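Dear colleague,

Please find below the structure that I am handing over to you. My findings follow directly after it.

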Amino acid sequence: MVLLPDGPVRDHAVLVEHGTFREVGPAARLLAAHRAGPAPIRLPGHLLMPGFVDAHHHLTQSFGKAQSFGQPSEIFKTVWEPLEHALDEESAYLSAKLAALEALRGGFTTVADAGTRAPVDVAAIAKGTEEAGIRCVLGKIVSAGTGGPAHLARWHGHPLVHPSLAIAVPEDATGPVIKRTADLCAEAGAVLQIHVNEHLASVERSLKSVGRRPVDYLHHLGALGPHTLGAHATLLTPTEMRQLADTGAAISYNPVASAWKGNAVAHATMLAALGVRFGTGTDGTRGDGFRLVDAAETAQRLAYGLASGDSVCGAGELWLEHATAGGADALGLGRVTGRIAAGQAADYLLVDLAVPELTPSYDLRWELVRLAGRDQIRAVVVGGRLRIWEGWPPDWDARALIARAATVGPEVVARAKIQRVEPR
């Protein structure tokens, strides 16, 4: 079975050449047309589906994610900045590769790194993701207004690393810098990643400093557009939702982050109804694609569906769409990945359907959202190359990486002097 943009279909096949889907269609037709080609691989009882796309990650925070448990919502000053400032080239590389490994094991074939505050060359992050074999939208923070063109040029045309510019939050940069950075991304076909309307404190800081809420401020600057990717957007007014829809800007809906450390849940079903582009992101919480789509649907149901009597909440197809093709579109990679279609990169998962959780099957998309698990992912392929088989990379020593990270990670946390609240 193959999960196509219009839904799952039986008796279909794909032809992969040079890391790309060359043909997708009925198996009988493809087999007849390519009798002289390689022997076909038959996969009864399995689903070939697009890999998940993580539209918002922090790859250099993987050593400290458990440090955020039970903490007040806005912890970037007390946990994340100290942690990233304590990284050096080796530890940043290890953190990124560890996060990439976790993401691949969880079915992600693409991750978007929102930019690191670590005092290192972002090449260390690119090295970790490239060695792991995941597709990466690599953000570079340019709040000072420098380094953007060089970063975009450095990674232009790379097969797995797609450059992006980042400003952590609007208050980190001047209005002219935000506008120039947005224009630069629009010209280069890259995305500007920026956290917006995540916490009540950040919204109020924006109101006090510039007299506008974050999304409204970006709109006022002329910095919202198809090249803009706002992270979280949990506290949007109707006017801000309309501004996103009118400008074509995209949002990363991060439901697990809302549950772990948020003030609210983004109204993703409303964004969908208004035509706002959005993907789903982990925010570095956990790299598990099936748990992410489950959380995406559950958070909408608890935050909005129950109160309005909406028993559907977008149904399974909405959440799978925005976790794959919708996420790729939000990252500016809609022509590259996210779908099983001719011309797209061969970024896909092979999922075992012959399990009790999915037997009998009536509506596979709903079942994948609510019932499927990471343990059913037999293979993860990125760019036509096998990256994970039965949970582990077939061509490099992941257990050695884990052992090294188990030593280095606590050393970084100790250097960071993270400030935790320990309520009784």
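The accessible surface of the protein amounts to about 17,500 Å², and 54% of this belongs to carbon and sulfur atoms. Please bear in mind that this is a predicted model.

Overall form

The protein contains 16 helices and 16 strands. Its C-alpha atoms fill a box of roughly 65 × 50 × 50 Å along the principal axes. The radius of gyration is 21 Å, which agrees with the value near 22 Å that a compact globule of 424 residues would have. Of the 424 residues, 57% are buried. Among contacts between residues at least 6 apart in sequence, 75% join residues that are at least 24 apart. As for charge, there are 40 positive and 44 negative charges, and their mean positions are 1 Å apart.

The hairpin of S3 and S4

Strand S3 (residues 12-17) and strand S4 (residues 20-26) run antiparallel and are joined by six bridges. Within this pairing, Val 14 has Val 24 in S4 as its bridge partner. Two residues stand between the strands of the hairpin. His 18 lies in this loop between S3 and S4.

Most residues other than glycine have a negative phi, and most peptide bonds are trans. The following places depart from that pattern or deserve a look for their backbone angles.

His 18 is not a glycine, yet has a positive phi of about 50 degrees. His 232, likewise not a glycine, has a positive phi of about 85 degrees. His 232 is buried, because its relative accessible area is 2% and the limit for burial is under 20%. His 18 belongs to a loop, whereas His 232 lies in strand S11 (residues 228-232).

The peptide bond from Thr 359 to Pro 360 is cis, with omega near -10 degrees. Pro 360 is found in the loop that runs between strand S14 (348-352) and helix H15 (364-370).

Helix H9 and its cover

In helix H9 (residues 238-247), the residues Glu 240, Met 241, Gln 243, Leu 244 and Ala 245 are buried. What covers them includes helix H8 (214-221), strand S12 (250-253) and helix H11 (268-274). After H9 comes Gly 248, which has a positive phi near 80 degrees.

Ile 75 has its place in the loop between strand S6 (52-57) and helix H2 (76-85). Is Ile 75 buried or exposed? Ile 75 is buried, because its relative accessible area is 4%, and the limit for burial is under 20%. Leaving aside residues up to four places away in sequence, Ile 75 touches Ser 68, Trp 80 and Lys 261. The C-alpha atoms of Ile 75 and Gln 419 are separated by 9.0 Å, although the two residues are 344 apart along the chain.

With kind regards

Terms used: Residues are numbered from 1 along each chain as its sequence is written. This is a predicted model: local features need pLDDT of at least 70, side-chain atom pairs count only at pLDDT 80 or more; totals for chains, interfaces and linings use all residues. Side-chain values use heavy atoms; hydrogens and water are left out. Helices (H or I, at least four residues) and strands (E, at least two) are DSSP runs, numbered from the N terminus. The radius of gyration is taken over C-alpha atoms; the globule rule is 2.2 Å times the number of residues to the power 0.38. Buried means under 20% relative accessible area, exposed over 50%, partly exposed in between (1.4 Å probe, protein chains only). Contact means heavy atoms within 4.5 Å. Accessible areas come from the Shrake-Rupley method with a 1.4 Å probe; for residues, only the protein chains shown count as cover. Lys and Arg count as positive and Asp and Glu as negative; His and the chain ends are not counted. The place of a charge is taken as NZ of Lys, CZ of Arg, CG of Asp or CD of Glu. Two strands pair if DSSP finds at least two bridges between them.
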